[in-house]
Amino acid sequence: APGTMSGAGPEEPQLSDAADARLQEAEQDWAAAKAFYDNLVSKRPRPPKPQNAITVAVSSRALFDLVEERRIYEEQGVEKYVEYQQQNENVTLKPGPAFYFVKALQHVNARLLELYPDDEERFDIVLMTNNHAQVGVRLINSINHYGLTIERFCMTGGKSPIGYLTAYLTNLYLSADSEKVQEAIEAGIASATMFTANKDVAYSDTQLRVAFDGDAVLFSDESEQIVKEQGLDKFFEHEQLNENKPLAQGPLKGFLEDLGKLQKKFYAKNERLNCPIRTFLVTARSAASSGARVLKTLRSWGLEIDEALFLAGAPKGPILVKIHPHIFFDDQMFHIEGAQKLGTIAAHVPYGIAQKYHKSA
């Protein structure tokens, strides 16, 4: 289900009568809204129905570079911050770490609309921010300047936006605030903290490229726990003994699943070689001693990964430079920092045993 990290079991739970009634009411509301908007003529594609969309919620500090504005907020307080934003509302904000990822999502949407003009299974980008509404004009001006299609805003005026993520049926939440990301992860929502690359690099305009770490990102941290607590030899032994037992899912498994569903829509139109989505597994595992379980797990989930890179403990940064992903998800900060140094936009997933070691280090 959207907005959660948990996978569906073999049987869907039965809805209670009250929940069923609420669902029917929601469907009636959407039907009424659609009937109203169908009478209005517009060339802009209407945002998809949340139940059909893959909703990516992005904070304003992830989407735009707000470093200077954040400094004013921290040093001079909220009133001076709001005043500054209003005085500069016609000054376009510079791109932030999630900007090119969002642009790539929009390119996928454009291709999907060409092939499936009446289908609503596509990305819906929501600006999810605890900014005050008075700051909204500058954000809107910047979004329009870059031609971004972001129609849904949630501006919470200083309150945590996490409670709204479920209401928006969020599939992925990206923020520059690690505390909010941790809160979202604990609420069962796939989330990551965005970090700006230390070098400017070129990103593909025609293909969304997403790289994932394996353990504690796509998969649970079961194997990572054994490495940390019992060492590499026990880990290799454990993985070979359990080669045919699928790993439990991690927080980003659902997003890989979403990407896979969209890829299949392109394949169905004979567009496999021209697919605007490419996925990468970039793992510190070694192929011979612990790679088979990973590949068999993905197979058991019915998921494909376009490229799998087993690095056997080698640094990930140089490989990521060759991949040029719009975003790279990892649970360990030293991999995030290594990626940053060489120009990769990285997103930290605060999940699993590595967080315990990171905090105590």
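**Helix packing, loop residues and cysteines in a predicted model**

Helix α5 (residues 99-115) and helix α11 (residues 253-267) have axes that come within 10 Å and cross at roughly 35°. The crossing of α5 past α11 is left-handed, a term used when the near helix is turned anticlockwise from the far one by less than a right angle, with right-handed used for clockwise. On the α5 side the contact is made by Phe101, Val108, Arg111, Leu112 and Leu115, and on the α11 side by Phe255, Leu262, Lys265 and Phe266; contact means heavy atoms within 4.5 Å. By class, this contact has seven nonpolar, no polar and two charged residues. In this classification Ala, Val, Leu, Ile, Met, Phe, Trp, Tyr, Cys and Pro count as nonpolar, Asp, Glu, Lys and Arg as charged, and the others, Gly among them, as polar. Axes are lines fitted to C-alpha atoms, for helices over the stretch in contact, and angles between N-to-C directions run from 0 to 180 degrees. Helices (H or I, at least four residues) and strands (E, at least two) are DSSP runs numbered from the N terminus.

The model is predicted: local features need pLDDT of at least 70 and side-chain atom pairs count only at pLDDT 80 or more, while totals for chains, interfaces and linings use all residues. Residues are numbered from 1 along each chain as its sequence is written, and side-chain values use heavy atoms, with hydrogens and water left out.

The axes of helix α3 (residues 67-76) and helix α4 (residues 78-87) come within 7 Å and cross at roughly 150°. That angle makes α3 roughly antiparallel to α4; angles over 145 degrees are classed in this way, those under 35 as roughly parallel, 65 to 115 as roughly perpendicular and the rest as oblique. Residues Glu68, Glu69, Ile72, Tyr73 and Gln76 in α3 meet Val78, Lys80, Tyr81, Tyr84 and Gln85 in α4. The contact of α3 with α4 has five nonpolar, two polar and three charged residues.

Helix α9 (residues 222-230) and helix α10 (residues 232-241) pack at an angle of about 150°, and their axes are 8 Å apart. The two helices, α9 and α10, are therefore roughly antiparallel to each other. Glu222, Ser223, Ile226, Val227 and Gln230 of α9 meet Lys234, Phe235, His238 and Glu239 of α10. Three nonpolar, three polar and three charged residues form the contact of α9 with α10.

Several loop residues were also examined. Gly158 lies in the loop between β3 (152-155) and α7 (162-167) and is partly exposed, at 49% relative accessibility. Buried denotes under 20% relative accessible area, exposed over 50%, and partly exposed in between (1.4 Å probe, protein chains only). Neighbours within four places in sequence aside, Gly158 is in contact with Asn130, Asn131 and His132.

Most residues other than glycine have a negative phi. Asn270, in the loop between α11 and β7 (277-283), has a positive phi of about 60° and is exposed, with a relative accessible area of 72%. Ala312, in the loop between β8 (307-310) and α13 (317-323), has a positive phi near 50° and is exposed at 55% relative accessibility.

Zero disulfides (pairs of cysteine sulfur atoms within 2.5 Å) were found in the whole structure. Cys154 is buried at 6% relative accessible area, and Cys275 is buried at 7%.
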